[in-house]
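This report goes through a few parts of the structure shown below, one at a time.

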Amino acid sequence: MTSQLKKEDSVGKVIVITSGKGGVGKTTSSAAIGAGLAKRGLKTVVIDFDVGLRNLDMIMGCERRVVYDFINVIQGEAKLKQALIRDKRVDTLYVLPTSQTRDKDALTQEGVEAVLNELREEFDYIICDSPAGIERGAQLAMYFADEAVVVTNPEVSSVRDSDRVLGLLNSKTKRAAEEGAEPIKAQVLLTRYDKARIEKGEMMTVEDVLEILAVPLLGIVPESPAVLKASNVGVPVVLDEPSAASQAYEDAVSRLIGEVVEMRVDGERKPGLLRRLFGRSA
Amino acid sequence: MPIQDADEREAQAPATSTSFQLRGKLFTAVTLLPEGGVPDAAFYAALDEQLQKTPQFFNNAPVILDLQSAPALARTEDLRRVVDLLRERKLSAFGVQNARPAQLAAAQEAGLISVTTGNDTPLRVPRSEKKGAAKPPPPKPGKIITTPVRSGQTIIADQGDLVVLAPVSSGAELVAAGNIHVYGRLRGRAMAGAYGDTRARIFCGKLEAELLAVAGLYRTSDSLEDALLGQGVQAFLDGNKLCVEALG
Amino acid sequence: MKRFGLPLWPRRSSSAQTAKNRLQILLAHERSGSTPDYLPQLQREILEVIRRHVTVDEEAIDIRMEQGKELSSLEINIELPRSRP
């Protein structure tokens, strides 16, 4: 079932989707980014690291097909290929669900490493959907990452938590611990962006957020009813009907794989913005 | 009454067994040097005054009693009383140093341990003597940080100056024995002269700090003039006042 | 949606109804305790029984499940060795 070949010869890239704060859109973003990569023919798996609070399967719409999970694999009760669920819509997309009944102590660093190493051989992209917080589960989700997407809302507590997470990415990860390793490449994904509230001065602007976090911007996802609708029906945003949110995620995916796409705010291209933002954070 | 700063760091080296873990812990304690006889009301009044000036530095600080200058403090009940009165002030005395044999026996009776390791920091030298010191000390190595200091991170320059060439986020902490220079925006806390150097200064390119402190005297963002926010400033001690002034 | 310029009585949108249905099915399964925790055990036992008769590889067994409102199906695929002498 995982016989499809990966597109690239090199080992797969591990990307953690993290935020510190809960409710900012990590799981929605993991599903959308994973589906977006898979749509481009890249073999992609999305892993749910939120042990005990399984949600990725609901957002991806495969909750009724979960037999074995990540924890079964780590504990040797199932083979990895038995636990991987292949998406019914995009055949290069897979989900590795977590357990709803165990607790986070079931994750071990060695176990996570073994699973990720096996997945690197099979997949182009491994997307790790981190739990909220900065405790063990979140630290394990980021530990082996090559890149990080820090999901942030334009709001003070979210920005502060993101800053804290950026600090952990630079200090509590494998790449931080290894002498001479390139540090994790971290980018900010602004979600729940509400232009009207920003214009009224109720929310922080993109410039404000980037100035504080001092890392590149991966994309700006507008607050959109399409996001809620997509999770209601269990379809990743980018596989649902086109919307400003799905366009924003598609653009973010393009940037993630190294394409240069001009920044779009609320569906409109903002030619000047990208240059200004990247000029600042380069 | 010289008091050292109490900053705390951990060095963890787990030596594991099945039922518990042992971890090494490094921390800085406050040494308190009573002078003369058994501490009296005047002693505690002076102590209270000092504590009021810098409450955050001493809250629940571990304390070592240095008995060198207090030969008369040699009875168990007197020591017990000192420990109790310190505890009332949220100072936790746990050991003694420089004790004479009789004092040591009394201290052990009072539940205090003998501390023989560790180095005292320069503040042990009373200020009047420091002025007369002839030779200037050799320049101390500082620390230069080039990446952003994030919320929750603490950067400590044990010796010399701390130079940060990147922004310092809200919720981050900078601690230096000497001066602190921040060339990015300073949004977190900066504590210069952490071991009591009253000549230390803080310089920053854009002030949005939550707290500035020099040798234990501090000001929070509430007490900084609005006109200084976002400006290049320096903070320094003028007697017992922490001054913050625009640069240039 | 408007009719004669008046909004209809607010109705549950269809995607919210879908969400409710999905959750009902999922939670019914989780509450009934029929979570697939018994599956590793089931797999070992099935394999044991089959091995009394044929030699099969541990990797040759594949269990899939589909949970529905009315019924759930458990699909077990076992690859048997191609031929026996």
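A residue is called buried when its relative accessible area is under 20%. The model described here is predicted.

**A helix in chain C**

By that cut-off, the buried residues of helix H2 (residues 39–51) of chain C are C:Leu39, C:Pro40, C:Gln43, C:Ile46, C:Leu47 and C:Ile50. They cover an arc of only 125 degrees around the axis, so they lie on the same side of H2(C). Their cover includes helix H3 (70–74) and helix H4 (80–83) of chain A, together with strand S3 (61–66) and strand S4 (73–78) of chain C. H2(C) has 13 residues, and from its first C-alpha to its last it reaches 18 Å, close to the 18 Å expected at 1.5 Å a residue.

**A strand in chain B**

Strand S11 (residues 180–186) of chain B is largely enclosed by the rest of the structure, because six of its seven residues are buried.

| Partner of S11(B) | Sense | Bridges |
|---|---|---|
| S9 (residues 162–164) of chain B | parallel | three bridges |
| S13 (residues 202–207) of chain B | parallel | five bridges |

**Nonpolar cores**

The largest nonpolar core has 67 residues, of which A:Phe70, A:Leu96, A:Leu107, A:Leu119, A:Ile126 and A:Leu169 touch the most other members. A second, separate core of 36 residues includes A:Ile17, A:Ile85, A:Val149 and A:Ala248. Leaving aside residues up to four places away in sequence, A:Leu96 touches residues including A:Val45, A:Ile47, A:Phe70, A:Leu80, A:Val115 and A:Leu119.

Note on methods: Residues are numbered from 1 along each chain as its sequence is written. Chains are lettered from A and ligands numbered from 1 in the order in which they are written. This is a predicted model: local features need pLDDT of at least 70, side-chain atom pairs count only at pLDDT 80 or more; totals for chains, interfaces and linings use all residues. Side-chain values use heavy atoms; hydrogens and water are left out. Buried means under 20% relative accessible area, exposed over 50%, partly exposed in between (1.4 Å probe, protein chains only). Helices (H or I, at least four residues) and strands (E, at least two) are DSSP runs, numbered from the N terminus. Two strands pair if DSSP finds at least two bridges between them. A nonpolar core is a set of buried Ala, Val, Leu, Ile, Met, Phe, Trp, Tyr and Cys residues joined through side-chain atoms within 4.5 Å. Contact means heavy atoms within 4.5 Å. The expected span of a helix is 1.5 Å times one less than its number of residues. The arc is that of the directions from the helix axis to the C-beta atoms.
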